[in-house]
Amino acid sequence: GTDVAVDYASANGTAEAGADYAAAAGKSRGEVGARARFMYGELFFEQKKFADAIRQFQRVMFGYGAEKAPDEIKNWQSKAGFEAARCAEVQIANAKTATEKAEAVADAKKFYQYVVQNHAGHDLAATAKARLAEEKLWVERSEAYMAEAQRLSHTGSWHLNVRTGKVVWSQESFAILGFDS
């Protein structure tokens with residue numbers, strides 16, 4: 001996947017490769033189009049334009065017949081879901097705030113779950129399932145470390161989800177203010 005996109009871009013120039021992939025994706029609603037759209041996403045991934053890459057991968061995942069797509073397209077849909085999850089994982093590592101990290105974790109889970117649930121027979125489904133298990137452990141461990149650091153430093157934190165209006169306080173925030181959690 002990525003190697004072919006990078007090799008083509010190296011040989012022909014990134015801008016030209018991107019234009020060719022976009023043109024091929026726009027002309028074909030079949031496997032050629034799905035593969036071209038996937039390769040376009042890979043090109044963005046290589047350029048570290050993760051949001052653009054995810055958009056292209058999602059177009060493969062949910063376009064080209066979506067769940068009614070023929071098997072040769074489902075192959076590219078599965079690969080696109082997996083690559084979208086990998087992009088989200090990079091965004092987790094690059095997140096500057098807890099909110100950005102939480103959103104990237106949710107995206108990675110969503111994309112890996114897409115592969116596991118919609119493409120269970122694909123080779124990448126087992127790897128996606130393993131990544132989901134690792135992700136769960138990583139998040140739990142991260143939350144435990146955060147709680148312990150807050151307890152030791154006697155600092156708290158809170159998070160506001162602006163979409164839902166829900167506010168979440170840490171255990172230590174409750175303790176500092178003298179409330180039971």
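1. Terms and basis. Buried means under 20% relative accessible area, exposed means over 50%, and partly exposed lies in between (1.4 Å probe, protein chains only). This is a predicted model: local features need pLDDT of at least 70, side-chain atom pairs count only at pLDDT 80 or more, and totals for chains, interfaces and linings use all residues. Residues are numbered from 1 along each chain as its sequence is written, and side-chain values use heavy atoms, with hydrogens and water left out.

2. Confidence. pLDDT is the predictor's confidence in each residue, from 0 to 100. The protein chain averages 86, and 90% of the residues score at least 70. Helix H4 has the highest confidence, at a mean of 97. Helix H1 (residues 2–12) has the lowest, at a mean of 52. Where pLDDT is low, the predicted coordinates should not be read in detail. Helices here are DSSP runs (H or I, at least four residues), as are strands (E, at least two), and both are numbered from the N terminus.

3. The main core. A nonpolar core is a set of buried Ala, Val, Leu, Ile, Met, Phe, Trp, Tyr and Cys residues joined through side-chain atoms within 4.5 Å. The largest one has 33 residues. Phe38, Phe57 and Cys87 have the most contacts inside it. Six helices each supply at least two of its residues: H2 (14–27), H3 (31–46), H4 (50–62), H5 (71–94), H6 (98–118) and H7 (123–153). H3 gives the most, with eight residues. Apart from this core lies another, of five residues, among them Ile92, Ala104, Val105 and Ala108.

4. Contact means heavy atoms within 4.5 Å. Leaving out residues up to four places away in sequence, Phe57 touches Phe38, Gly41, Glu42, Phe45, Ala80, Glu83, Ala84 and Cys87. Cys87 is found in helix H5. Its relative accessible area is 0%, so Cys87 is buried. With the sequence limit of four places again applied, Cys87 touches Phe45, Phe50, Ala53, Ile54 and Phe57.

5. Which residues here deserve a look at the backbone? Tyr64 has a phi near 55 degrees, a positive value in a residue other than glycine. Ala66 also has a positive phi, near 45 degrees, and is not glycine either. Most residues other than glycine have a negative phi. Tyr64 lies in the loop between H4 and H5, and Ala66 is placed in the loop between H4 and H5 too. Tyr64 is buried, at 5% relative accessible area. Ala66 also counts as buried, at 17%.

6. Salt bridges. A salt bridge is a side-chain nitrogen of Lys or Arg within 4 Å of a carboxyl oxygen of Asp or Glu. How many does the structure hold? There are five. One joins Asp52 and Arg55, whose closest N and O atoms are 2.3 Å apart. These two are three residues apart in helix H4, so about one helical turn separates them. Asp52 is partly exposed, at 26% relative accessible area. Arg55 counts as partly exposed as well, at 45%.

7. Arg86 and Glu83 meet in a salt bridge at 2.8 Å, N to O. Being three residues apart in helix H5, Arg86 and Glu83 are separated by about one helical turn. Arg86 is partly exposed, at 34%, whereas Glu83 is buried, at 8%. Glu83 is also one of the residues that Phe57 touches. Lys110 pairs with Asp107, the closest N and O atoms being 3.6 Å apart. Lys110 and Asp107 are three residues apart in helix H6, about one helical turn. Lys110 is partly exposed, at 42%, and Asp107 is partly exposed, at 25%. Glu89, Arg131 and Glu134 are linked in a network of salt bridges.

8. A surface patch. Patches are made of residues with over 30% relative accessible area and no salt bridge; like charges are joined within 9 Å, nonpolar side chains (Val, Leu, Ile, Met, Phe, Trp, Tyr) within 5 Å. Areas come from the Shrake-Rupley method with a 1.4 Å probe; for residues, only the protein chains shown count as cover. Trp158, Leu160, Val162, Val167, Trp169, Ile176, Leu177 and Phe179 form a nonpolar patch with about 840 Å² of accessible area together. Strand E1 (158–160) and strand E2 (167–169) each supply at least two of the patch residues. Phe179 is found in the segment after helix H8 (171–176).
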